[in-house]
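Keep the sequence and the structure in view.

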Amino acid sequence: MTKAIKDYSLPDLMERIEEIFNENPEPMKGFNAIVQYDVHGEETGTYQHYFQDGKLTIKEGVQTTPDVTMAISYDNFKKFLLGKQSGAVALLTGKVKAKGDIGKGMKIETILRKYNIKEPF
């Protein structure tokens, strides 16, 4: 069942992202990284995205040291996911704060654009 992004809780949204990426692993092949999202705002949580060998596994909480950590509001996270927010602009305007290997963080946007996620999904 497809629904609008506003109808997803943060845990449900993370689960749906994992499904979408793993249904079509081609765009993330060759990308190996642990990306941590510290989400704040109307919904909060910390999630680590493990990109390895063309597979995405998302785990709640901090399991290991990430390559890059991004602090972002839930609203901006949803905009980023739908391609309505540029990662570079978000960094420059302070809408996202990144620590670690920012290059790997920026690679996520390149991968995400290949999925072209639109609502409903």
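Q: Why is Asp 53 called exposed?
A: Its relative accessible area is 64%. Exposed means over 50%, buried under 20%, and partly exposed in between (1.4 Å probe, protein chains only). So Asp 53 counts as exposed. This is a predicted model: local features need pLDDT of at least 70, side-chain atom pairs count only at pLDDT 80 or more, and totals for chains, interfaces and linings use all residues. Residues are numbered from 1 along each chain as its sequence is written, and side-chain values use heavy atoms, with hydrogens and water left out.

Q: What makes Asn 116 partly exposed?
A: Asn 116 has 48% relative accessibility, so it counts as partly exposed.

Q: Where does Asp 53 lie?
A: Asp 53 is in the loop between β2 (45–52) and β3 (55–60). Strands are DSSP runs of E, at least two residues; helices are runs of H or I, at least four; both are numbered from the N terminus. Asp 53 has a positive phi of about 50 degrees, yet it is not a glycine.

Q: What is the phi of Asn 116?
A: Phi is near 50 degrees, a positive value in a residue other than glycine. Asn 116 lies in the segment after α4.

Q: Which residues have the most contacts inside the largest nonpolar core?
A: They are Leu 13, Ile 17, Phe 21, Ile 117 and Phe 121. The core has 34 residues. A nonpolar core is a set of buried Ala, Val, Leu, Ile, Met, Phe, Trp, Tyr and Cys residues joined through side-chain atoms within 4.5 Å. The largest share, six residues, comes from α1.
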